[in-house]
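Please examine the sequence and the model before reading on.

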Number of protein chains: 4
Amino acid sequence: MAVVVVDVMLKPEILDPQGQAIVRALPTLGFEEVTAVRQGKHFELEVGGDDPEGVARQVAETLLANPVIEDFTVTVSK
Amino acid sequence: MAVVVVDVMLKPEILDPQGQAIVRALPTLGFEEVTAVRQGKHFELEVGGDDPEGVARQVAETLLANPVIEDFTVTVSK
Amino acid sequence: MAVVVVDVMLKPEILDPQGQAIVRALPTLGFEEVTAVRQGKHFELEVGGDDPEGVARQVAETLLANPVIEDFTVTVSK
Amino acid sequence: MAVVVVDVMLKPEILDPQGQAIVRALPTLGFEEVTAVRQGKHFELEVGGDDPEGVARQVAETLLANPVIEDFTVTVSK
């Protein structure tokens, strides 16, 4: 059994309003050092079988991300 | 300038309906190997200054997570 | 066939960091008139059968909301 | 002071993986009557001034939705 992390982000060329809200709010809270923020989705999957990374990648393509507007990364964490 | 990743997840004892929906949908798509899914939020911050990790941790506590119901991790990625 | 809308919000006593980010960002964009923002999830369901509202309510309780931390409303829209 | 609701949905032609996960999970829970689900974001704004609906519409365009991939509706609720 492996724990596989899938992170899904809007493609860089697509505006991310939620990240924009955060980056604009931060100076009002005194956090001047943060110059950019993007927000995405983070999934933690428990996967069995012989190829947990491959399965997670297929799952990401099928049900976690929309490949037209989003990119994703797959990381076997343990 | 550092890129710092903040991942925010519901605390383990709090039910995550979105992860539940995914784990229940997967067998109908042939992904029998996935036994658990939890969904959270993933943030990528560009942070300057002397202590990007510390700043990101304060930002997470203040504006990215609700510490009553969520846990977060902070990772300096480069 | 009915279209049923389910809106899911964090309970009022639970801090909503995403709404907080937006409300803090708005004055920096010139929107001084907005005094509070809360963010939730919005679902549109197409439901058949004799009791679409009742079905949507059960779906909301089971898979769209976590009743410990969230409230929801169900509205038959057409 | 008015409460204005902004609902943001992916445009109909853009695949919504989260809605897909829910619609696929529902039959496994006995909810055969639900034939489609789409998930979006729901915002509740408290807005002052003379034109709360107009302000909320500008806020939605600027910070709540990405007009390239999302549609939104604005409703003055009280």
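How do the residues of the lining of the largest cavity divide into nonpolar, polar and charged? They divide into 22 nonpolar, 15 polar and 12 charged, where Ala, Val, Leu, Ile, Met, Phe, Trp, Tyr, Cys and Pro count as nonpolar, Asp, Glu, Lys and Arg as charged, and the others, Gly among them, as polar. This is a predicted model, in which local features need pLDDT of at least 70 and side-chain atom pairs count only at pLDDT 80 or more, while totals for chains, interfaces and linings use all residues. Residues are numbered from 1 along each chain as its sequence is written, chains are lettered from A and ligands numbered from 1 in the order in which they are written, and side-chain values use heavy atoms, with hydrogens and water left out.

**Cavities**

- The whole structure holds three cavities of 30 Å³ or more; on a 1 Å grid over the protein atoms alone, a cavity is a set of points where a 1.4 Å probe fits but cannot get out, and lining residues have an atom within 4 Å of a point.
- The volume of the largest cavity is about 1100 Å³, a volume being the space filled by probe spheres set on the grid points, which are joined across faces, edges and corners.
- The largest cavity is lined by 49 residues, and Gln18(A), Gln18(B), Gln18(C), Gln18(D) and Gln39(D) are the closest to its centre.

**Pockets**

- The largest pocket contains about 340 Å³ of space; a pocket is an open set of points with protein on both sides within 12 Å along at least five of seven lines.
- Its lining comprises 20 residues, with Val5(A), His42(A), Glu44(A), Met9(B) and Thr73(B) nearest the centre.
- Two or more lining residues come from each of β1 (2-10) and β2 (34-47) of chain A, and β1 (2-10), β2 (34-47) and β3 (70-76) of chain B; helices (H or I, at least four residues) and strands (E, at least two) are DSSP runs, numbered from the N terminus.
- By class, the lining of the largest pocket has 10 nonpolar, three polar and seven charged residues.
- The second largest pocket has a volume of about 230 Å³.
- It is lined by 14 residues, of which Met9(A), Leu10(A), Pro12(A), Arg38(A) and Glu44(B) are the closest to its centre.
- The largest share of this second lining, four residues, is given by β2(B).
- The lining of the second largest pocket is made up of seven nonpolar, two polar and five charged residues.

**Salt bridges**

- Over all chains there are 12 salt bridges, each being a side-chain nitrogen of Lys or Arg within 4 Å of a carboxyl oxygen of Asp or Glu.
- One of them joins Lys11(A) to Asp71(A), with the closest N and O atoms 3.1 Å apart.
- The two residues are 60 residues apart, Lys11(A) in the loop between β1 and α1 (17-25) of chain A and Asp71(A) in strand β3 of chain A.
- Lys11(A) is buried at 17% relative accessibility, whereas Asp71(A) is partly exposed at 33% (buried means under 20% relative accessible area, exposed over 50%, partly exposed in between, with a 1.4 Å probe and protein chains only).
- In chain C, Asp71(C) and Lys11(C) form a salt bridge with the closest N and O atoms 3.2 Å apart.
- Lys41(C) pairs with Glu70(C) in a salt bridge whose closest N and O atoms are 3.5 Å apart.
- Because Lys41(C) lies in strand β2 and Glu70(C) in strand β3 of chain C, this pair ties together parts 29 residues apart in sequence.
- Lys41(C) and Glu70(C) are both buried.

**Selected residues**

- Gln18(D) belongs to helix α1 (residues 17-25) of chain D and is buried, with 18% relative accessibility.
- Beyond residues up to four places away in sequence, Gln18(D) touches Lys41(A), Gln18(B), Gln39(B) and Gln39(D).
- Val8(D) is part of strand β1 (residues 2-10) of chain D and is buried at 1% relative accessibility.
- Neighbours within four places in sequence aside, the contacts of Val8(D) include Gly40(D), Phe43(D), Leu64(D) and Phe72(D).

Technical notes
Contact = heavy atoms within 4.5 Å.
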